[in-house]
Amino acid sequence: MKEEQDEIPSGINRREFMRLATLGSGMVFLGGCGDIRELWQRQPVIKVDSWHQGFCRFCGTGCGLQIGITDNKVVDVKGHKYAHNKGRLCIKGIMNRDILYAGDRALYPKIRKNGEFVRASWEEAMSLVAQKFREAIDAHGPDSVAFYGSGQLFTEESYTASKLFKAGIRTNNVDGNPRLCMASPAFGYTGMFGLDEPMGCYEDIHHAQSLFITGSNTAECHPIVWEKILDNKRSRPETFITVVDPRRTRTAEEADLHLQILPGTDVALYNSMMYEVVRRGFVDQEMLEKYILIKEGDETRDFEAFKAHLDDYAPEKAAAICGVSAELIREAAWRFMDSSASMSIWTMGLNQQVQGTAANQGVMALHLLTGQIGRPGATCFSLTGQPNAGGGVRDTGALAHALPNGRKIKNPEDRREMEALWGVPEGTIQPKPGYDAVSMFKAMESGDLKCTLVMATNPGQSMPNTNRYREAMKKTFLVVADAFDPTETTKYADVVLPAAMWVEKGGMFSQSERLYHYVPKLVDPPGEARPDLAILTDLADRLGIGNILPSRTSEEVWEEWRKISAHSYYNFNGITYERLKKIPGLRWPCPTEDHPGTCRRYVPGEDPLSKGTGRLDFYGRPDGRAIVFIHKQQAPPEPPSEEYPFILTTGRVLEHWHTDTITGRLPETKKVPVDFVEIHPADARRLRLENDMQVRIRSTRGSAPFRVTVSRRVREGLIFTTFHSSRNLINDATIDAVDPVSKQPAFKYCAVSIEPVQA
Ligand SMILES: Nc1nc2c(c(=O)[nH]1)N[C@H]1C(S)=C(S)[C@@H](COP(=O)(O)OP(=O)(O)OC[C@H]3O[C@@H](n4cnc5c(=O)[nH]c(N)nc54)[C@H](O)[C@@H]3O)O[C@H]1N2
Ligand SMILES: Nc1nc2c(c(=O)[nH]1)N[C@H]1C(S)=C(S)[C@@H](COP(=O)(O)OP(=O)(O)OC[C@H]3O[C@@H](n4cnc5c(=O)[nH]c(N)nc54)[C@H](O)[C@@H]3O)O[C@H]1N2
Ligand code: SF4
Ligand SMILES: [Mo]
């Protein structure tokens, strides 16, 4: 056992911190994450009464844990050896031990009276909430209320919320933070394959000879996925890693090829790579003949028209748009097409753009055209951000346009089918989609939304253009269920409801590879905190529509839900609590209780839902053919100007989680700075800026203070910061422009100025 160290010495910088972290580690990972428990263990674990299987509550990697419990307390966590992470965890995974005991847990309901919060009983708080909902619905109709949820709720909770609002209250105003996160891949996949969610699995990483990582800082945001990639590289050095990212991230540093493109130019890049595929004769003819349809909007196009479209993106032309050389584009294309198996991995760099859906579909099209799909290691694999943004929200249809299992609000047959499955009268589900996230906050601003329940998300910090939407939140009766208080959202609430989190309640998560796994309830929540499921069923009862929710425990809800899934192509009927209490997860499709789960979807012989004996069966599409869309590169939403000459892009660092309501309260992680803005040395010189100087980042919408970090990670003209800090609210400056298809906001691009702040 190493000497215990209380906390990171003050004044330590991040690089030093990471070095220490890896030095103190029994397991050292190149991704900069490691098993640093020994370094940080403030109190030695004396005694663990019992160990339980569970899963990390942070990112969509979905790592398995062993959770040690003593006296109703989580006293230790370690990586689950038999889960896909093979015992490994990143720093956030290790922090699962401490998250329940960080300061500022919300312990009691609070009601705002005469502008001040006062403590209330659950009875008082919930009857007020129900009264406000009832008044709004009676006076202004069901569409005057809304639910804004989260990819961090359990599946049972998101499913219940969606059912309560869509079939009980009869409004489709159900959306949530997955709109800020996974909407573009959801629309991307659905548009091309007829169904959402990736078709591959983590195992593909070990078979891939070429990895095409784009718009993903995997090393910091999906660290254990990154470890798998490095495992592959270590055991097979011929593995080639291409990274496309305007920043030289820690992921890009380890790549064999880095394309440091200008932000928002992905569509041009992928078109250019496809141009090369065609020019070099790497189009998979069988795919073209049997499995693909080419479309421009709704119109079908032939291959000649497709080629003519690609001519506009010959590498020399695309180079001028993307800001990288034609040689680099050719090299990237070559590495992708001329490999035994190519796998692409992507996240927010693509999703959070006004052309988010088009960029997603560009990557997918590369796979279809080259036939790099449906084989071990050949797959287009979008990583899920939150622990349950896939299963909890996309599968359950807890979004304003959606119904369970890929059904759509707009489709009358889908509505009829869900009404029958839910046992509610025909016509119950309204035909009009509800408000997507940004529209929902605009409806608060206009006064159309009288009453809103926010659960497990902190939009006061995480929405774009937050100045505007924090004001908007004042105009609705705002009910916030959160595990911590204060947050930038609870500050604006009329009622704060203390929520149990993670192993204080239990339920199902589903991570990036469609794998459902079970998190058991292991300890009691603090104070009077309650599970979100209990809050939802209580609200239903008080609104007099409790009968809509016959399933009351997580397990009952799951039973109901898995049986509903059996009527769809998202079939996980075979995934039961009983099975998942014993094994660390199952991937769907999994139609029966003896089915082992599916690694590769759409592959006859492997996927139980695919038919025939061909190479692929895209059964989500009526003709079994996936669609390759023609997309053209568009101009950015807000190009830099004389007044706002810099492009701002925002993202994450390894140690912090989103709006820092959790990691910002843990003694270990909160020491890692988040108040920095990366500025290229040439820009810093011009503006006479040096390290640690204070500046204000300003857009037409708002501004936030930051500390300068002069860095070659960014290109000239581009600056980067995170949205983690509540003292440096960068979303006051970001733009609320959205992708017109997915309605996902473009957090990765807006024009700003940098103003020095006099000390
Ligand atoms: N440590 C940590 N891990 C997390 C999270 C966290 O908060 N902290 N959150 C989780 C969640 S919910 C999510 S959604 C994921 C996000 O995971 P990532 O998407 O990997 O994280 P980001 O830092 O938001 O953005 C990724 C990269 O996109 C790049 N980028 C910006 N613009 C463009 C562009 O135009 N094109 C391309 N190709 N790239 C671009 C950025 O430079 C950045 O490096 O992380 C998950 N994991
Ligand atoms: N500028 C910029 N903004 C971004 C992004 C970006 O890249 N750049 N990324 C976007 C993305 S991808 C995402 S996913 C969002 C994330 O944005 P948010 O969802 O707002 O971020 P979190 O901090 O994870 O908020 C979760 C909240 O739920 C609480 N909580 C935790 N567990 C529970 C629980 O079990 N029940 C309840 N009721 N509460 C709980 C936490 O205390 C916290 O307040 O941010 C988006 N915003
Ligand atoms: S990689 Fe993600 S799921 Fe795994 S331990 Fe880290 S935060 Fe948790
Ligand atoms: Mo996300």
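1. Proline 589 lies in the loop that runs from strand E20 (586–587) to strand E21 (626–629); strands (E, at least two residues) and helices (H or I, at least four) are DSSP runs, numbered from the N terminus. The peptide bond between tryptophan 588 and proline 589 is cis, with omega about 0 degrees.

2. The model is predicted: local features need pLDDT of at least 70, side-chain atom pairs count only at pLDDT 80 or more, and totals for chains, interfaces and linings use all residues. Residues are numbered from 1 along each chain as its sequence is written, chains are lettered from A and ligands numbered from 1 in the order in which they are written, and side-chain values use heavy atoms, leaving out hydrogens and water.

3. A cis peptide bond also links aspartate 485 to proline 486, with omega near 5 degrees. Proline 486 sits in the loop between strand E16 (477–482) and strand E17 (495–498).

4. Most residues other than glycine have a negative phi, and most peptide bonds are trans. Glutamate 197, in the loop between helix H6 (183–193) and helix H7 (203–207), has a positive phi near 85 degrees. Glutamate 197 counts as buried because its relative accessibility is 0% (buried is under 20% relative accessible area, exposed over 50%, partly exposed in between; 1.4 Å probe, protein chains only).

5. Aspartate 104 likewise has a positive phi, about 65 degrees. Its place is the loop between helix H3 (91–95) and strand E4 (110–113), and at 42% relative accessibility aspartate 104 is partly exposed.

6. Of the 759 residues in the chain, 66% are buried. The secondary structure comprises 26 helices and 27 strands.
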